[in-house]
Amino acid sequence: MTSWQHHLPILPVLIPLFAGAILLFSSETRRGPRAAIALCATLAQLLVALMLLGIADGRLASPWSGGIGVYALGNWAAPFGIVLVLDRLAAIMLTLTATLGLATLVYSLARWERAGIHYLPLFQFLLMGLNGAFLTGDLFNLFVFFEILLAASYGLVLHGSGPVRVKAGMHYIVVNLVASLLFLIAAALIYGVAGTLNMAELPQRVAMLGADERTLFKLGAVLLGIVFLVKAGAWPLNFWLPAAYGAAAAPVAGVFAILTKVGVYALLRFAVLLQGPGAPAPFGGDWLFYCGLATIASGTLGVLAAQKLDRLAGFLVIVSSGTLLAAFGFTGTTLTGPALFYLVSSVLGSAAFFMLIEMAERNRAPAADLLAISFEAFGLQDKHDSEHPDGMVGVAIPAAMAFLGLSFVSCALLLTGLPPLSGFFAKFALLAAAIAAPPDAPLLHTGLFIAALLLSGLAGVMSLSRLGMRVFWNTARSAPRLQWIEAGPVAGLVMICVALAVGAGPAMSYFNAAAQSLHDAPAYINAVLPGPQTGAKP
Amino acid sequence: MEIVFSLAVGVMAGSGIYMLLRPRTFQVIMGLSLLAYAVNLFIFGMGRLRIGDAPVINPLRGSDPALYTDPVPQALVLTAIVIGFATTALFLVVLLASRGLNGTDHVDGREPDQE
């Protein structure tokens, strides 16, 4: 007999699936009910994610023993059936996705949702892909959820249309299609050699491989690593990223802030499962560390060179990806907890930043032109245009510029890791963990890591203040008009980061617990595959 | 049979990569399709090549796994084909949109400068 809580892990996949399907078949003209459906679905996901967060930590009554929840689809046992696995890390990522989803959805309802068709269903499918990728315990299912989120993101990156978006979107699509093909080759190679696609069974099968088979397996694992690095935006596979993120509509770019972290998450998950002396290249040794450093360096150069805020935001995403890769590649496991803290803080900060710069740059001529064209193309003349102040709907915030400036400073503090917001605590924890690194960590690595972290922060401060001055201290600009539902999500995301900073102690202990249970691979394997194995090798 | 099979995969993957690196969007989409075919065949081959064996258990032949081919790669290939088909169709739309908006089929949205 199973309690209803047993079925919670499937809900983050099912809710957006059904909500998206309903939205797909309802008429675009019925805005009220559609917005209500999308909001309810996203709120429900947030609620489920929070419950799962509590269950994974043992604060709510857990229907599973041992803290790791396993949901067998169709009740088929693990090596043969497909499972969803819920641990603390998955719960954190689910909560982050739902929070980000809610904020960007509310923001987009103000105007961006009307810049094209099928925004709301695509948005739900994107959330479904993200949730599924974080929960799944099966390699091929990971591919399928990657494809779902990518297919939705292809639609979303083109949302609003226009030559710039189509060009950037085309590059984005080609790069990701090729990465998906590599993913398929990797999955096929791993299945062909190890005879399983179950992520928990994989380490056991790999241990039994002969030398020649092991070479093939390593080849598959390396390809898999390359795919995840493409998604994570690691150098030199990230040249598409700033263009695509900068060209995408603001709420889309906001939710895309978590897309690179899916690659990082998958890399981390596989690195833990495949750890050991014979770990394949991207998942072990110094390889990932230096890759992360190179990513930080390329992102920092981009940050310094950026002349526009949207490109700057894209490069900041790359820097945060690189920081995470370097932290996960660092010797020992003590950096994982702080890195997770940094992940959450930087994703929230970047999302707020993407939405903020769209509001701040709204009155700039080229962007306004582009927007007007796309609104015109869909027969939706923008009512909030500054030429028609009488047609205003919603409340104009009188101190719009003050709000924007304050949010900009908060985001800058968050993204560069200055006190007093959560970005500082995350970077401080990372640095502290690197300095107190295990004795087997080379001194060179510690030095390089600290230098990279501090220099990238410095470059961020310089670039953000330079561009910030240009945008906010420019008297030629009139103050943009904001609506409450646009300002609210940005303020909300910043407030969450403030809360993370105030509650840094409990949050940090949760992240550390998540890192500990993540690195306890035998517990994961035992939870998914209880009892002796009877699987037959094909 | 293995040689023919691997040659087919290799030739298609090679031509696919060549086409993918060409500057016109139509060549890119052809390259992606060829690569997808090669990858699908490759997945199929990873279930080991066998002639005349079904992946579904036949009550008359018994349940010895040696009599059957591996059904999992076939299921994977089916999924991969469907996803590849959908993404190719989507890319086709983007290709046409790019052609319409920019008036050129170059992947950068503009012709490279002539000497």
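These are my notebook entries on a predicted model with chains A and B.

**Ground rules.** I number residues from 1 along each chain as its sequence is written, and letter chains from A and number ligands from 1 in the order in which they are written. Since this is a predicted model, local features need pLDDT of at least 70 and side-chain atom pairs count only at pLDDT 80 or more, while totals for chains, interfaces and linings use all residues.

**Confidence.** I looked up pLDDT, the predictor's confidence in each residue, from 0 to 100. Chain A averages 80, and 88% of its residues score at least 70.

**Chain A against chain B.** How many residues does the contact take from each chain? I find 24 from chain A and 28 from chain B. On the chain A side, α5 (139-157) and α6 (163-194) each supply at least two residues, and α6(A) gives the most, with 16. That side divides into 20 nonpolar, two polar and two charged residues. Here Ala, Val, Leu, Ile, Met, Phe, Trp, Tyr, Cys and Pro count as nonpolar, Asp, Glu, Lys and Arg as charged, and the others, Gly among them, as polar.

**One helix pair.** I then checked α6(A) against helix α2 (residues 25-45) of chain B: they pack at about 10 degrees, with axes 9 Å apart. Axes are lines fitted to C-alpha atoms over the stretch in contact, and angles run from 0 to 180 degrees between N-to-C directions. The two helices are therefore roughly parallel, a label for angles under 35 degrees. Among the residues making this contact are A:L181 and A:I185 of α6(A) and B:L35 and B:V39 of α2(B). By class, I get 13 nonpolar residues, no polar and no charged.

**A:L500.** I found A:L500 in helix α19 (residues 484-502) of chain A. Is A:L500 buried or exposed? A:L500 counts as buried because it has 22 C-beta neighbours inside 10 Å; the cut-offs are 20 or more for buried, 12 or fewer for exposed, and partly exposed in between, with C-beta atoms placed from the backbone. Beyond four places in sequence, A:L500 contacts A:S345, A:S422 and A:A507.

Definitions and conventions
Helices (H or I, at least four residues) and strands (E, at least two) are DSSP runs, numbered from the N terminus. Two residues are in contact if their C-beta atoms, placed from the backbone, lie within 7 Å. Angles under 35 degrees count as roughly parallel, over 145 as roughly antiparallel, 65 to 115 as roughly perpendicular and the rest as oblique.
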